[in-house]
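Hi,

Here is the structure I promised to pass on.

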Amino acid sequence: MPNTTGQNKTTLRFYTETIEVSRMSAHAFFEAGEDCYKGKRFFWQNKEKTFTLVGLGHAYVLANDLEKNRYQDIAQKWEELCACSLIEKADVSPILFGGFSFDPANKISSEWNSFPSSFFAVATFQLVIRDDQAFVSIHLITEEQDSAAAFENLRIERDTLIHTAQVKELKVHEKPQLLQREDRLKDEYLSAVEAVTNRIRNKEVNKVVIGRSLKLTFENSFSSSTAIYNASMEQPESYLFGLEKEDKIFFGATPERLVKLEKGKVESAGLAGSVRRGTNLEEDKKLGDALLADNKNLMEHQYVVNMIRKVFDQYCEQVKIPSRPKLMKIRDIQHLFTPIEGKIKGSSSLFEFVEAMHPTPALGGEPRQEAIEIIRESEQMNRGYYAAPIGWVNAEGEGEFAVGIRSALIENQYAYLYAGGGLVSESTSLEEFEETRVKFRPMLRTLGGNMND
Ligand SMILES: C=C(O[C@@H]1C=C(C(=O)O)C=C[C@H]1O)C(=O)O
Ligand SMILES: [Mg+2]
């Protein structure tokens, strides 16, 4: 029998087994699940590329459609599920991966209809590549008393998946031909930016992030593994994530950490304020220096840092926040960036941090509730999981969430892209529109959309 068994009041048993394997391509492992687990896979790689996670198949799904208490609900269910498992000091513990929608009170019917307000899964087959070691775990969560035969079948399946991933060449598909591009609600976006900026000038609120969306139609359907692989090539300095659900995948390459919790250390980042990269070194430096001194962008940034500082002052000690932002330069764009860290005080969970932090004024605004309401009524769209927390937590409660920007939802031959920017009193619709164009670039390049319009 597998070495970990357990039982709780619902008589669920959570069996796990982890083996160390030779290092393999995480993309190849993801692709090995194409035939049997499509629609039930996930992918995650941190910015530093020291931690990669792939899930194939759903051993268990934790989801809800709650507007309130959605974080507590997932946290509690995860704790209950982990209590069903008696893990004897494994190298890797089971991991829950998933995300939350940006605004659970937004009920606009959209491409996000099949995504509930919270959606998380424990994979049947979990690959973890940490530093230089790779581990594959099997998870079986069942009410059956006798699971020995079922577990033995999973072992055979696991070995097949590992073998395929190690020996088969990764199939990188051609980018399908773009047939049509629709800038959705473009006029509405431009007038929303004007109207909301006026409300900010009238001091109704301090900052609001307004976004827009593109719909791209391609000649053929996309392969999820190729999309994620291409994103990793285009944006090597960002987090990489992919969450499949039925015939859709939400994926992206985001530079923005929401919160990381490891060994009592909590890390976050203020990331707001943007300018494009220069076409040569000199111009790039000029643009970066100007950004560091630009009042409008510094204001956008400061609201974010102030809000994160408040959360950290409440939940942490030894809080470290540099007094001035530095530049984060990524392929298409440069941002103002302030890393933030502290030591956790008390017993707050990662989900409590996610709740306290989402959305920061980098994606929502300041004050938070007013901004969310303005976004809901002015954008006239449903952000779904765009600009929302996506990430993982393990059985010990450690984990990391990023903010799902520079992202797209793919459904067969359609791709929906999203980008926004923070409005403060000095914003103009022309500059904001330009900023969103730059923010669309990573995904346009990844998918093969037209970069010129
Ligand atoms: C909202 C987005 O990005 C956010 C907004 C930024 C800004 O307005 O300067 C910068 C980084 C992100 O926090 C996006 O990429 O869609
Ligand atoms: Mg901005």
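Let me start with the loop between β5 and β6 (133-142), which is where you'll find D131. (Helices, H or I with at least four residues, and strands, E with at least two, are DSSP runs numbered from the N terminus.) D131 has a positive phi of about 50° although it isn't a glycine. D131 is also exposed, with 7 other C-beta atoms within 10 Å. (My cut-offs, with C-beta atoms placed from the backbone: buried is 20 or more other C-beta atoms within 10 Å of a residue's own, exposed is 12 or fewer, partly exposed is in between.)

Before you go further: this is a predicted model, so local features need pLDDT of at least 70 and side-chain atom pairs count only at pLDDT 80 or more, while totals for chains, interfaces and linings use all residues. Residues are numbered from 1 along each chain as its sequence is written, while chains are lettered from A and ligands numbered from 1 in the order in which they are written.

N69 is another non-glycine residue with a positive phi, near 60°. N69 sits in the loop between β3 (51-64) and α3, and N69 is exposed, with 12 other C-beta atoms within 10 Å.

There are cis peptide bonds to check too. One runs from H358 to P359, with omega near -10°, and P359 lies in the loop between α9 (350-357) and β16 (365-366). Another joins E366 and P367, with omega about -5°; P367 is in the loop between β16 and α10 (368-379).

On to the domains. The assignment gives domain 1 (13-167) and domain 2 (180-447); bounds like these come from an automatic or database domain assignment. Their centres, taken over C-alpha atoms, are 25 Å apart.

Now the largest nonpolar core, with 129 residues: F29, F97, V208, I210, F241, A408 and L417 touch the most other members. (Such a core is a set of buried Ala, Val, Leu, Ile, Met, Phe, Trp, Tyr and Cys residues joined through C-beta atoms within 7 Å.) Strand β5 (residues 118-130) brings the largest share, 9 residues, and the core draws at least three residues from each of domain 1 and domain 2. Leaving aside neighbours within four places in sequence, the contacts of F241 include F43, W44 and I390.

Why is strand β11 (residues 257-262) largely enclosed by the rest of the structure? Because 5 of its 6 residues are buried. β11 pairs antiparallel with β18 (residues 399-403) over 4 bridges, pairing being at least two DSSP bridges between two strands. V259 has F401 as its bridge partner in β18. β11 also runs antiparallel to β12 (residues 265-276), joined by 3 bridges.

Finally, ligand 1. Of the 19 residues around ligand 1, S274, A362, I405, G421 and G422 come nearest (near means a C-beta atom, placed from the backbone, within 6 Å). β8 (207-218), β12 and β20 (414-423) each supply at least two residues of that shell.

Cheers

How values were computed
Two residues are in contact if their C-beta atoms, placed from the backbone, lie within 7 Å.
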